[in-house]
Amino acid sequence: MEFFHEPKIDWMGKKWYFIALSLALAVTGLASMVIKKGLAYGIDFRGGTVVTVKFSKSPSLDAIRSELDRQNLHGATIQGIGVPADHEVIIGLDLRTTTSSEALDEGKRAIVTSLSGLYGQGAAGKLDFNNASPPTLADHLLAADPLGLSSKGLDAATKTYQDLAEALVNFRNSPPRSGLISDFADLSSVQGVNAGVIATLRNDFGLSSYAVKNTEIVGPKVGKDLRRQALYVTLAGLGAMLIYIWFRFELVYGIAAVIATFHDVIITLGFFSLLNKEISLTVIAALLTLVGYSMNDTIVVFDRIRENTRLNKRQGFVDLVNQSINQTLSRTILTSGLTFLAVLSLFLFGGEVIHGFSFALVVGVIIGTYSSIFIASPIVVYFQQRMGGGAAAVASRSYQREAAPVRR
Amino acid sequence: METKIKGRAIFISVVLLVCILGIIGLPKNVQELRDNVRNRIRLGLDLKGGTHLVLQVQVEDAVNITADQVHERLGDELKVKNVPYADIQKADDTTAQPPKHRILLKGIPQENAAQLQTLASEQFSDWDLTRVPGDPTGWMLALKPSAAAGIRNQAMLQAMNTIRNRVDQLGVTEPTIAEYGQGDFELVVQLPGVDDPSRVKDIIQSTALLELKLVQDGPYSGREAALAAHGGVLPPDTKLLPGPTGQTGETWYVVNSVAAVTGRDLSGAEPSHDSSGRPSVSFTLTRDGAARFGRVTGANVGKQLAIVLDNRVFDAPVIQSQITDRGEITGGFTPQKVQDLALVLRSGALPASIVYLSEQTVGPSLGADSIRHGAMACLVGFVAVMAFMLIYYRESGINADLAMILNLIILMAGIGYFGAVLTLPGIAGVILMVGMGVDSNVLIFERIREELRLGKAVGAAVANGFEHAFVTIIDTHVTTIASAVILFAFGTGPIRGFAVTLTIGLLANLFTSVFVSRVIFDYVLSRREKGAELSI
């Protein structure tokens with residue numbers, strides 16, 4: 001089975017279509033960024049508080065918001081995430097401008113207070129089983145000793161109750177419960193649980209209808225440091241790429257590759273802006289991976305151009321470039337296609353947490369492949385035409401420096 | 001030809017065995033299998049659940065304390081050396097970044113100048129002594145920047161040790177305490193399995209400065225009352241400290257500045273119960289501490305001894321008789337607080353205060369969700385790629401798929417052996433590597449197809465395919481690993497996990513796609529009749 005059987009398409013002739021498409025995408029993206037006043041930074045760049053909460057029933061977002069307003073926390077972002085049946089909500093608070101050391105988790109405490117007020121168990125003085133950790137459970141079980149283990153000695157009893165507490169929490173956290181149980185009787189299927197254990201739990205703990213799954217609080221200093229770090233990393237990546245391609249080919253090729261990659265980044269960020277997706281540190285990591293990955297395809301085409309230039313001194317440069325692209329098309333589409341298959345699976349099945357990362361990869365692989373073939377080459381041709389055959393001469397010059405010919 | 005293939009096949013089998021052993025160990029049953037895997041493959045916080053804290057040690061506190069101590073000592077030292085002075089003032093330059101500590105001396109007669117200089121170079125060698133321009137009796141002591149930097153670094157190290165001590169005592173499994181960021185005295189503390197960090201944060205942050213000081217006077221109902229009783233000025237060498245707030249409101253005590261015993265003299269602190277059965281902390285002193293304590297209590301029976309924690313009087317019991325080596329702190333504690341206080345006293349005082357910069361808590365249910373999603377995505381991606389290779393390259397696709405499976409096994413084993421931490425981006429790295437790794441096989445197979453099209457014999461086509469594709473494979477791997485290295489250098493936690501899994505995966509891929517695939521091809525070819533077609 002073969003997709004491309006010796007294609008002979010005139011790519012350079014159609015180059016204005018590709019450039020037009022790229023410009024359209026880039027301009028749309030940039031316009032979106034300008035209109036929305038920059039990019040939607042994730043919490044790690046912006047600073048602030050984000051709490052992910054799971055509810056047993058669909059929560060009233062308005063009730064939560066008014067409760068927060070009552071505590072003087074205005075402007076909270078509250079939105080559902082994931083599948084509606086999961087009843088998961090993200091509550092976000094912007095960075096407060098207070099600088100006292102208490103302020104860091106003030107927002108989180110307020111959110112938890114609001115939630116326990118609205119969705120707590122109502123039984124004052126009892127701890128919440130749905131938000132308790134194994135050590136707390138183990139302490140209470142040890143104190144009540146429903147399994148009658150005091151005869152076996154303190155150490156043995158402690159270990160047994162610790163294991164039991166772990167088992168109870170694991171049961172609670174695994175699907176379909178995912179962190180919430182609504183009745184203590186549900187726990188009877190856990191190994192080691194008897195009626196006495198359930199009675200102790202019912203006595204000491206209540207059951208709220210919410211469970212905090214994740215908290216992220218980022219202070220202003222860390223946010224600022226991360227923004228700076230992200231910038232350095234991106235510049236370092238692009239810089240390294242320029243030097244590497246300059247070293248392997250010539251400056252012209254290096255510049256073409258950098259422009260193509262820059263184009264990829266702008267368009268990918270444009271998509272993020274258009275679809276209101278957050279840019280977090282992992283998204284920057286994905287972009288950097290793409291920079292490295294996109295280089296591969298670019299090098300493949302450039303290498304073939306160089307080889308063909310050496311073999312066919314009489315053929316026009318534009319024809320050479322077309323030929324090179326045609327020869328490497330099969331390989332490039334295949335490998336990109338396979339990588340795309342992998343990251344698509346990540347995007348569809350990878351879950352919310354890694355969503356930004358996988359989205360960046362999905363868009364990036366498509367755009368990156370497209371730019372390596374259809375944007376980098378026209379730029380090289382353009383420079384060649386400007387410099388009057390200079391690039392072709394340059395290409396064959398740099399080629400003679402290479403040790404051995406390599407056909408890809 | 002046969003022996004070469006056999007030898008290589010054995011080598012590959014050995015590698016496979018070592019890797020499988022590396023992942024699952026030698027389990028005797030299913031439970032042990034699961035435990036072994038869990039122990040060998042370390043999970044990051046985003047998969048296991050836990051707390052990640054970034055905090056900053058306010059090292060300037062330590063410098064301030066040192067400067068204050070010098071400021072206090074200076075007067076005494078000058079008196080001892082019979083050097084008259086009119087005034088000693090703090091003259092810090094707080095606009096400088098970091099602040100410069102300076103002490104201004106006024107009214108030093110000319111004939112004592114030499115004495116002053118000797119004193120400075122002997123007793124205060126960390127300070128530079130200069131004359132004040134325009135004032136013949138004025139001198140300025142400035143803390144040397146190198147000395148200040150030394151104090152800051154020392155405070156940072158001490159804080160790190162104290163925090164590590166406290167976290168260890170809390171029984172957190174495999175915590176991480178390390179320096180963070182670029183030189184702003186920041187620490188990162190990772191606490192796996194801790195999903196309610198408030199208690200841990202309080203324990204880490206507690207300064208825990210314990211001092212036992214004799215009470216001169218008290219309790220008073222407020223600062224003004226205390227000052228008024230002494231005619232507006234406190235007696236020399238005393239301080240005014242707040243005490244517990246009771247039903248009657250605040251209490252304030254006038255205590256000696258110098259402590260009879262401090263936290264450094266503690267040899268142990270344990271939770272216990274006082275004579276009325278209430279929870280208390282009982283502490284024991286070192287020999288020197290006990291000697292000093294004995295002297296002070298022996299000479300002051302009937303007076304009150306203030307137990308001061310973080311510059312707050314906790315309690316001020318009356319000294320009944322000489323106490324030497326042990327004591328008790330009571331004060332309306334809950335059993336939990338008593339545990340925490342004993343823990344914190346045992347670990348020693350923090351030399352500087354702590355400010356939290358960021359906090360992230362991943363609940364265990366979220367971690368479990370992430371693992372499930374990651375594994376699902378991995379499985380689907382893997383199956384999709386494998387299926388494609390089978391369809392597009394027919395029987396040679398089996399070759400690529402086998403290499404892929406081996407690649408994954410080596411990757412997991414590599415993660416286990418190197419002690420790398422698997423994070424959610426790390427799992428994404430595995431998936432990405434599946435897509436990029438199979439690229440190597442595509443390169444080789446496309447080349448082989450090209451050679452076959454040109455009419456070469458099957459054996460020569462395969463050999464040429466591998467040979468010509470090799471340089472490109474190295475090239476593509478190097479460029480991607482290079483960006484992974486940059487990510488590792490600049491990234492933190494989860495991103496590092498991604499960089500590491502991607503790198504290990506690609507390195508393993510070099511082995512499987514070039515060496516292992518070749519061996520499989522050789523084996524397949526050796527089994528065919530000459531002239532038969534290669535299914536590719």
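In this predicted model, B:L105 has B:W139 of β6(B) as its bridge partner. The two strands concerned, β4(B) and β6(B), are joined by four bridges and pair in the antiparallel sense. They belong to an open sheet of four strands in chain B, in which the order is β3-β4-β6-β5 and the pairing is antiparallel. The edges of this sheet are formed by β3 and β5 (127-131) of chain B; each has a single partner strand, so one side of each is left without a neighbour in the sheet. On average, and with direction ignored, neighbouring strands of the sheet are turned by 20° against each other. In general terms, the strands of a sheet pair through backbone hydrogen bonds, in either a parallel or an antiparallel arrangement.

Just after α4(B), a positive phi of about 55° is found at B:N82.

A further set of strand pairings in chain B involves β8(B). Strand β8, residues 186-192 of chain B, is mostly covered, with six of its seven residues buried. Strand β2 (residues 50-57) of chain B pairs with β8(B) in the antiparallel sense over seven bridges, and here B:Q56 stands opposite B:E186. Strand β7 (residues 176-180) of chain B also runs antiparallel to β8(B), to which five bridges join it. Within that pairing, B:I177 stands opposite B:V189 of β8(B). Five residues separate β7(B) and β8(B), which form a hairpin. In its turn, B:G181 adopts a positive phi of about 70°.

Attention now passes to chain A. This chain contains 14 helices and six strands. Its radius of gyration is 29 Å, whereas a compact globule of 408 residues would have a value near 22 Å. Along the principal axes, the C-alpha atoms of chain A fill a box of roughly 95 × 45 × 35 Å. Of the 408 residues of chain A, 45% count as buried. When contacts in chain A between residues at least 6 apart in sequence are considered, 77% of them join residues at least 24 apart.

Leaving aside residues up to four places away in sequence, A:G223 touches A:D44, A:F45, A:R46, A:G47 and A:V218. A:G48 lies 175 residues from A:G223 in sequence, yet the two C-alpha atoms are 8.9 Å apart in space.

Notes:
Residues are numbered from 1 along each chain as its sequence is written. Chains are lettered from A and ligands numbered from 1 in the order in which they are written. This is a predicted model: local features need pLDDT of at least 70, side-chain atom pairs count only at pLDDT 80 or more; totals for chains, interfaces and linings use all residues. The radius of gyration is taken over C-alpha atoms; the globule rule is 2.2 Å times the number of residues to the power 0.38. A residue is buried if 20 or more other C-beta atoms lie within 10 Å of its own, exposed if 12 or fewer, and partly exposed in between; C-beta atoms are placed from the backbone. Two residues are in contact if their C-beta atoms, placed from the backbone, lie within 7 Å. Two strands pair if DSSP finds at least two bridges between them. Axes are lines fitted to C-alpha atoms, for helices over the stretch in contact, and angles run from 0 to 180 degrees between N-to-C directions.
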